Amino acid sequence: MAFKSSNIFVNLPVKDLNKSVEFFTKVGFEFNPQFTDENATCMIIGDNIFAMLLVEDFYKSFIDKEIADASKTSEVIVALGAESREQVDEIVNKALAADAKPYRDPVDHGFMYSWSFQDLDNHLWELVFMEPSAIEQG
């Protein structure tokens, strides 16, 4: 039987936890106070999808590598499904208004629409809407 996880926790290093929480709150996310302290917070993305934002020193306690400089390299793009093209624009515009950096211009393939930004720590976030009929045919 293939492995299927019931949850996903994306762990991301951040320089300033309070600024990151403030930023993502402006974008529209909520946080689980049960898993929040001075070292980390649990950002709720979906019913079973979470981003753990970890202060860099705490993040380092889980790895034996250097933390990538996300302003120069990329290790991951956090791509999130949106309910509509309008929601893609709404979320990215909120992020940009909260001091995110634009990453790429919107991409419109007709059946799929996406737009990306970089958060305060230069992690890449992409919002994607795909027409339901395109998913059903796939």
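1. Let's start with a term: helices (H or I, at least four residues) and strands (E, at least two) are DSSP runs, numbered from the N terminus. By that rule, K72 falls in the loop between helix 2 (56–60) and strand 5. K72 counts as exposed, at 70% relative accessibility; here buried means under 20% relative accessible area, exposed over 50%, and partly exposed in between (1.4 Å probe, protein chains only). The C-alpha atoms of K72 and N122 are separated by 8.8 Å, although the two residues are 50 apart along the chain.

2. A word on the source. This is a predicted model, in which local features need pLDDT of at least 70 and side-chain atom pairs count only at pLDDT 80 or more, while totals for chains, interfaces and linings use all residues. Residues are numbered from 1 along each chain as its sequence is written, and side-chain values use heavy atoms, with hydrogens and water left out.

3. Four strands make an open sheet with the order 5-8-7-6 and mixed pairing; two strands pair if DSSP finds at least two bridges between them. Strand 5 and strand 6 (101–108) are at the edges with a single partner strand each, so one side of each has no neighbour in the sheet. On average, neighbouring strands of this sheet are turned by 15° against each other, direction ignored. For such angles, axes are lines fitted to C-alpha atoms, for helices over the stretch in contact, and angles run from 0 to 180 degrees between N-to-C directions.

4. Strand 5 pairs with strand 8 (residues 124–130) in the parallel sense, over five bridges. Within strand 8, L127 is the residue that L80 stands opposite.

5. V88 is a helix 3 residue, and V88 is buried, with a relative accessible area of 0%. Not counting residues up to four places away in sequence, V88 touches A82, Y113, S114, W115, L127, V128 and F129. V88 and Y113 are 25 residues apart in sequence, with 8.0 Å between them, C-alpha to C-alpha.

6. There is also an open sheet of four strands in the order 1-4-3-2, again with mixed pairing. Strand 1 and strand 2 (30–32) stand at its edges, each with a single partner strand, so one side of each lacks a neighbour in the sheet. Neighbouring strands here are turned by 35° against each other on average, direction ignored. Strand 3 and strand 4 (residues 49–55) run antiparallel and are joined by six bridges. C42 stands opposite M52 in strand 4.

7. On to the pockets. On a 1 Å grid over the protein atoms alone, a pocket is an open set of points where a 1.4 Å probe fits, with protein on both sides within 12 Å along at least five of seven lines; lining residues have an atom within 4 Å of a point. The largest pocket has a volume of about 390 Å³, a volume being the space filled by probe spheres set on the points. Its lining has 22 residues, and A68, S74, E75, V76 and H123 are the closest to its centre. Strand 1 (residues 8–14) gives the largest share of that lining, four residues.

8. The second largest pocket holds about 240 Å³ of space. Of its 14 lining residues, F29, I45, L80, G81 and I91 lie nearest its centre. Strand 3 (40–46), strand 5 and helix 3 (85–97) each give two or more residues to this lining, and strand 3 has the largest share, three residues.

9. Finally, two backbone details. Most residues other than glycine have a negative phi. D99 has a positive phi of about 85° although it is not a glycine; D99 lies in the loop between helix 3 and strand 6 and is exposed, with a relative accessible area of 61%. N122, also not a glycine, has a positive phi of about 70°. N122 lies in the loop between strand 7 and strand 8 and counts as buried, at 12% relative accessibility.

How values were computed: Contact = heavy atoms within 4.5 Å.
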